[in-house]
Number of protein chains: 2
Amino acid sequence: MPPSSPRRIALDAMGGDRGPKVNVEAAVLAARESGTAVTLVGDETVLAEQLAGHQAAGLPVTIRHAPEAVGMGESPVAALRRKKRSSVRIGLELVRHGEADGFVSAGNTGAVMATALMVLGALPGVERPAIAVVMPTVTGRVVMLDVGANVDCRARHLLQFAVMGHVYARDILGVSAPRLGLLSIGEEESKGNELTREAFKELEDRGGLNFLGNIEGRDVFSGGADVVVCDGFTGNVALKISEGLADALFHLLREELQRDLLARTGSVLLLPAFRRFRRRVDYSEAGGAPLLGVDGVCVISHGRSTAKAIKNAIRVAADCAGNQLIAHIREGIAATGGLS
Amino acid sequence: MPPSSPRRIALDAMGGDRGPKVNVEAAVLAARESGTAVTLVGDETVLAEQLAGHQAAGLPVTIRHAPEAVGMGESPVAALRRKKRSSVRIGLELVRHGEADGFVSAGNTGAVMATALMVLGALPGVERPAIAVVMPTVTGRVVMLDVGANVDCRARHLLQFAVMGHVYARDILGVSAPRLGLLSIGEEESKGNELTREAFKELEDRGGLNFLGNIEGRDVFSGGADVVVCDGFTGNVALKISEGLADALFHLLREELQRDLLARTGSVLLLPAFRRFRRRVDYSEAGGAPLLGVDGVCVISHGRSTAKAIKNAIRVAADCAGNQLIAHIREGIAATGGLS
């Protein structure tokens, strides 16, 4: 579902482990490939210099000066309080004031979340915005949320996550009647911890969701559901352990492949297949995790994102804007009635 | 560390998705390869028939009749109450009465846990026995616990898990001063949920443990710690999502490798390397998860275990018995003082 018209995205050009260089490159790629208008937010001198290194004349890439940057390890609360002119703050204000249709950052996740909540505000009825991540499965893709915004959750928060995940899978991934699973440790209603047992009841009672019941970790990657809800602690552990395992498996595979001449010869023949494989399982291809539940489009990228990953995050933000995601989430939450 | 003398292990021969056939095969393999004496517990007619199909004359494999079996989907509480002569119950009673040095089951995990707690009892000071799993990492192995026995935990339970995991890594895996990590979502003490923040303080205060602090999911498989503690809900989700991801990655890799002639040719050359790789990352090689904290050796295998996996679980049980694991855990817990 491509956006109906070119979108305007504000990019935190100072964010991420690799700084302005990859952000500027990502903006140029996005503008060139899809015509998306990108406003680079950050130190104008640094950004102009970086931009001059690209063939960007005629492309809809502009610069908005922000004199401060939030460090990756900085306390979100301190950043929010002290850095009123950070690239994160100014980028989100562009969205707030209608000068941009969405914001993308590969910067300090906590600071982006806290600033987005303050600048954009939460949608009515949403108590806790959640970070959603789209992961590849054997059969397609799955949206998992929350993966880190809320470490201690109540059952009704999980219900709100479910509604937001449902709308996201439907509007952005194009899945009709997305199958919803509650991440737990056994399929029966009676299985799980206090939180999931209570959330199970609330999800069952709520109309309009295609609730399958509990889903076990094992079935997340086999494609057992289109949307998986969980508290942010469990979701973050699940996400990071998956990233770590994938890395470890690649490492071990590489080791085995280098061990003898036969395998080394075989690997050369296999290179294109391995590249396709890595591309299919590469989280960065999905391009960033939307922060759902705030009143504006905000997409968070991995700190170690490449230019390509950030370009994909810009595309996700443009899709969200083009598909009226915020309005649809607002309607979905309102329809749940008396949630908060 | 091989046991100093042949051990006697009671095997729930009715347990697991594949039933008596693989259990009998596992017993014969264990007896033949390591001289372990195995008592097959279950329906004597069925077991005698299965055993007759093997060249088992002269091997230390015997049969103990148990007229009942616990189904894989059966309620643990109902099984405990109604089936007083199940293979699980009778097998654990052999341990309790000193007729066996350990018990192994690939059966209903909940029923094995509940029955072990009732028949063997908990060690003094242990409020919650925990299931520990040994997983391969890039650099070696890691013990993770709890992976499913206790869904809702308090900080002091995590401290008990830490002590038991420490002893297990030291005595069974042979790691001196095992590095201990608390599974959380950020390395700083302030990160995590209520439970992990409180557990962090308790672990820091406790002497005798080589506590590294929080460990993120990403670092579990890179070998960042020898022991990882978590509540049973988080641990079970982490374990199962890892199993599911590994399966999904193999599936996708196979798909890519079959896609063109070049890759298919390469794969043939790579077969030995792939086999080594699968063996290295195969959980069943580790051979079952010990239930730590009960007063006797009890090892739980995956329901879908093969004969080889169950044979490995028998070896783990024999190692635990040979290394006086229970006595060492008892000492470790006692040394923590005033835990409960």
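The legends below describe close-up views of salt bridges and paired strands in a predicted model. Residues are numbered from 1 along each chain as its sequence is written, with chains lettered from A and ligands numbered from 1 in the order in which they are written. In this predicted model, local features need pLDDT of at least 70 and side-chain atom pairs count only at pLDDT 80 or more, while totals for chains, interfaces and linings use all residues; side-chain values use heavy atoms, leaving out hydrogens and water.

View 1. A salt bridge here is a side-chain nitrogen of Lys or Arg within 4 Å of a carboxyl oxygen of Asp or Glu. Helices (H or I, at least four residues) and strands (E, at least two) are DSSP runs, numbered from the N terminus. A:E243 is buried, at 7% relative accessible area, whereas B:R218 is partly exposed, at 22%. Buried means under 20% relative accessible area, exposed over 50%, and partly exposed in between (1.4 Å probe, protein chains only). Over all chains, the count is 25 salt bridges.

**View 2. A salt bridge within chain A, between A:D295 and A:R330.** The closest N and O atoms are 3.2 Å apart. A:D295 sits in the loop between strand 10 (289–292) and strand 11 (298–300), and A:R330 in helix 13 (residues 325–336), so the pair ties together parts of chain A that are 35 residues apart in sequence. Both residues are partly exposed: A:D295 has a relative accessible area of 33% and A:R330 one of 34%.

**View 3. A network of salt bridges linking A:R218, B:E243, B:D247 and B:R304.** Within it, B:D247 and B:R304 meet at 4.0 Å, N to O. B:D247 belongs to helix 9 (residues 232–257) of chain B, and B:R304 to the loop between strand 11 (298–300) and helix 12 (307–322), 57 residues apart.

**View 4. Strand 6 (residues 141–145) of chain A, largely enclosed by the rest of the structure.** Four of its five residues are buried. Strands pair if DSSP finds at least two bridges between them. Strand 5 (residues 130–136) of chain A runs antiparallel to strand 6, with five bridges, and a hairpin of four residues joins the two. Strand 9 (residues 227–229) of chain A pairs with strand 6 in the parallel sense over three bridges. A:L145 has A:A132 as a bridge partner and A:V229 as its partner in strand 9.
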